[in-house]
Amino acid sequence: MPYDVFNGDADGLCALQQLRLHKRLEGTLLVTGPKRETSLLRKIPSVEPTEITVLDVSLRANRSDVERLLRDGHRLTYVDHHNPGPIPEHKNFICYIDSDPAICTSVIVDQMLEGKYRDWAITAAFGDNLFNTAKKLTQKTNLSSYHVEKLQELGELLNYNGYGRKVEDLWFSPEEMFRTMQGYQSPLDFYGEAPEIVALREGYAEDLQRAEEAPSIFENLNLRIYQLPDAAWSHRIVGAFSNLKARNHPEQAQVVMVEKSEKTQLVSVRAPKKHPVGADEICLQFEGGGRPAAAGINDLPAAKFEDFQQALVKRFCI
Ligand SMILES: [Mn+2]
């Protein structure tokens with residue numbers, strides 16, 4: 001049985017949606033999880049050699065499993081935009097990796113399919129907070145600004161749905177969401193007809209209102225750090241909240257910390273929109289990862305917080 005492995009956010013979902021609208025595969029097994037769960041290839045057991053498509057999850061985080069699956073004789077198609085580390089050279093490893101900060105996985109798929117399902121790529125670019133990229137892509141379509149706004153909201157809601165400590169925190173599991181999406185050729189129909197979207201809109205508004213009341217623990221012209229408590233809502237809203245702040249304050253880096261326990265915090269880092277680099281560099285120093293514009297750390301120990309804050313100041317304020 002072929003496997004489709006995808007990140008549970010808007011970009012992962014819309015990348016797979018485009019590929020499977022283009023070429024439907026029967027009986028595909030889906031492997032996914034909340035957005036933060038990136039070591040997805042380890043979930044594929046030893047099975048007969050098959051086709052494995054991997055979308056929007058970092059190669060760096062899956063490298064040993066990529067090597068294992070290649071040794072087992074599988075054929076991998078890997079499409080992604082995260083900082084990859086060294087790329088394996090193997091005849092069964094086909095990759096489309098581009099870590100250009102203005103690109104997301106769904107945009108790479110859009111290029112592969114020559115714009116065949118571009119509306120889904122636009123949705124994903126909005127979901128990954130790549131507004132300029134999304135707007136540029138819309139120029140190659142006949143979408144009205146009214147419809148572009150719908151795609152924007154859809155991308156943001158799908159992205160929001162991907163965040164949580166565990167899949168139970170999410171309003172809908174990414175797998176469930178993909179199965180629903182598959183019934184729609186057009187994201188505008190999906191937006192207008194799927195009851196999941198109404199539920200996400202309500203959940204988003206509630207969670208966002210709570211986050212807006214949270215204190216910031218550091219602020220200067222170049223950097224702002226927020227602190228959210230440990231709760232299902234804060235883990236759901238952290239990504240959307242940091243994207244929104246990054247957009248509204250283009251000269252300031254945005255860092256949102258969410259308590260996981262007394263000992264560790266989850267961290268979301270957005271480089272300033274005006275100069276969107278450095279987020280992945282900092283997060284890599286603390287065992288996190290991501291892209292130059294947007295990155296995160298799953299477990300920042302309390303003892304490392306001072307060092308982390310210093311690294312942020314050094315990178316964004318000097
Ligand atoms: Mn992505």
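Two strands pair if DSSP finds at least two bridges between them. In this predicted model, strand S3 covers residues 51-55 and pairs with strand S1, residues 3-6. Four bridges link S1 and S3, and the pairing is parallel. Within this pair, Thr-53 of S3 has Asp-4 opposite.

S3 is also joined to strand S4, residues 75-80. Here there are five bridges, and the two strands again run parallel. Glu-51 has Arg-75 in S4 as its bridge partner.

## Burial of S3

How much of S3 is buried? Four of the five residues in S3 are buried, so that the strand is mostly covered, a residue counting as buried if 20 or more other C-beta atoms lie within 10 Å of its own. In a regular strand, side chains alternate between the two faces of the sheet.

## Helices H4 and H5

Helix H4 spans residues 118-127 and helix H5 spans residues 131-138. Their axes come within 8 Å and cross at roughly 160°. Because angles over 145 degrees count as roughly antiparallel, H4 is roughly antiparallel to H5. The crossing of the two helices is left-handed.

Which residues of H4 and H5 meet? On the H4 side they are Arg-118, Ala-121, Ile-122, Ala-125 and Phe-126. On the H5 side they are Phe-131, Thr-133, Ala-134, Leu-137 and Thr-138. By type, the residues of this contact between H4 and H5 are seven nonpolar, two polar and one charged.

Terms used:
Residues are numbered from 1 along each chain as its sequence is written. This is a predicted model: local features need pLDDT of at least 70, side-chain atom pairs count only at pLDDT 80 or more; totals for chains, interfaces and linings use all residues. Axes are lines fitted to C-alpha atoms, for helices over the stretch in contact, and angles run from 0 to 180 degrees between N-to-C directions. Angles under 35 degrees count as roughly parallel, over 145 as roughly antiparallel, 65 to 115 as roughly perpendicular and the rest as oblique. A crossing is left-handed if the near helix is turned anticlockwise from the far one by less than a right angle, and right-handed if clockwise. Two residues are in contact if their C-beta atoms, placed from the backbone, lie within 7 Å. Ala, Val, Leu, Ile, Met, Phe, Trp, Tyr, Cys and Pro count as nonpolar, Asp, Glu, Lys and Arg as charged, and the others, Gly among them, as polar. A residue is buried if 20 or more other C-beta atoms lie within 10 Å of its own, exposed if 12 or fewer, and partly exposed in between; C-beta atoms are placed from the backbone.
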